[in-house]
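Here is a friendly walk through a two-chain model, written for someone who likes to know the cut-offs. Have the viewer open as you read.

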Amino acid sequence: MSTLHTVNKSPFERGSMASAFAHAVEGDAVLMIEDGVLGARKTGAFSPTITGRSGAVSIYALGPDLAARGVKAEDVADGVTIVGYDGFVDLAATHDRVCAWL
Amino acid sequence: MKFAVVVNEGPYTHQASDSALQFVKAALDKGHEIFRVFFYHDGVNNGTRLTVPPQDDRNLQRAWSEIALTRNVDLVVCIAAAQRRGILDANEAKRQGKDADNIAPGFRISGLGQLIEAGIEADRVVVFGD
């Protein structure tokens, strides 16, 4: 059973992003949406967590939400794949369940 | 694949209603089925037809109504959450002795059983909120 974890708040605002990464197991995916995409920044304080988990857990950020917040693709940490809403739908379909960390 | 979507946040608060709407559109465009969208908690505020956002802003209520009417998506508003927030259809307005109703086109008011059923019938439940 694989899980898609969606996180919609910045890791600098709440602990939900850290919780999602702590609970995600091998084969799971974490998708950053809305303010959550701020956690994907290469120079951000959260990037070591991304680097540490990107082997076991697939990590994604929603492109339109990155663009809305002025985060360019080249500023996104290695190990994060940028997807659109269609990619969001694919991730929800290919994992067995979706857990929203609200 | 059958998706159910839950919206727990009102329009123009953060982004939950916008995100859910985009997800629903993308899923339909890919040929998936949206079994139901369930509006719960402050999410019921998406279903009032009396919203008048500025003309250069997106109209979320209208966008949801269009999805319901043009693509046959079932939009259900939780009755208990709706009553607390003044979202009424004609029957509820009459039952509660109110002089008007405000449910938007394409939305219907029903109970939590509809959320449970969506969880049983859909392959995935995707939740948007605060």
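## Chain A: contacts and fold

In chain A, 69% of the contacts with a separation of 6 or more are between residues 24 or more positions apart; a contact here means that two C-beta atoms, placed from the backbone, lie within 7 Å. Before going on, please note that this is a predicted model, in which local features need pLDDT of at least 70, side-chain atom pairs count only at pLDDT 80 or more, and totals for chains, interfaces and linings use all residues. Residues are numbered from 1 along each chain as its sequence is written, while chains are lettered from A and ligands numbered from 1 in the order in which they are written.

Chain A contains 4 helices and 5 strands, arranged along the sequence as β-α-β-α-β-α-β-α-β. Helices (H or I, at least four residues) and strands (E, at least two) are DSSP runs numbered from the N terminus. The radius of gyration of chain A is 12 Å, close to the 13 Å of the globule rule for 102 residues, so chain A is as compact as a globular protein of that length. That radius is taken over C-alpha atoms, and the rule is 2.2 Å times the number of residues to the power 0.38. The C-alpha atoms of chain A fill a box of roughly 35 × 25 × 25 Å along the principal axes.

Of the 102 residues of chain A, 46% count as buried. A residue is buried if 20 or more other C-beta atoms lie within 10 Å of its own, exposed if 12 or fewer, and partly exposed in between, with C-beta atoms placed from the backbone.

Is A:E13 buried or exposed? With 12 C-beta neighbours inside 10 Å, A:E13 counts as exposed. You will find A:E13 in the loop between strand 1 (3-7) and helix 1 (16-23) of chain A. The C-alpha atom of A:E13 is 9.4 Å from that of A:G36, which is 23 residues away along the chain.

## Chain B: overall build

Chain B has 5 helices and 5 strands, and its pattern along the sequence is β-α-β-α-β-α-α-β-α-β. Its radius of gyration is 14 Å, which agrees with the value near 14 Å for a compact globule with 130 residues. Along the principal axes, the C-alpha trace of chain B spans about 45 × 40 × 30 Å.

In chain B, 44% of the 130 residues count as buried. Residues 24 or more positions apart make up 76% of the chain B contacts with a separation of 6 or more.

## The sheet of chain B

In what order do the 5 strands of the open sheet of chain B lie? The order is 4-3-2-1-5, with parallel pairing; two strands pair if DSSP finds at least two bridges between them. Strand 4 (107-110) and strand 5 of chain B are the edge strands, each pairing on one side only. Neighbouring strands are turned by 25° against each other on average, direction ignored. Strand 2 (residues 33-39) and strand 3 (residues 75-78) of chain B run parallel and are joined by 3 bridges, and B:F39 stands opposite B:V77 of strand 3.

Helix 5 (residues 113-121) of chain B packs on this sheet and touches strand 1, strand 2, strand 3, strand 4 and strand 5, with its direction at about 150° to that of strand 2. Helix 1 of chain B lies across strand 1 (2-7), strand 2 and strand 5, running at about 170° to strand 1. Axes are lines fitted to C-alpha atoms, for helices over the stretch in contact, and angles run from 0 to 180 degrees between N-to-C directions.

## Two loop residues with positive phi

B:Y12 has a phi near 65°, a positive value in a residue other than glycine. B:Y12 lies in the loop between strand 1 and helix 1 of chain B and is partly exposed, with 15 other C-beta atoms within 10 Å.

B:N72, also not a glycine, has a positive phi of about 60°. B:N72 is in the loop between helix 2 (60-71) and strand 3 of chain B, and counts as exposed with 11 C-beta neighbours inside 10 Å.

## Where the chains meet

At the interface, 18 residues of chain B are in contact with 12 residues of chain A. Helix 1 (16-29) and strand 5 (124-128) of chain B are the elements that give two or more residues to the chain B side.

Helix 4 (residues 85-94) of chain A packs against helix 1 of chain B at an angle of about 75°, with the axes 8 Å apart.
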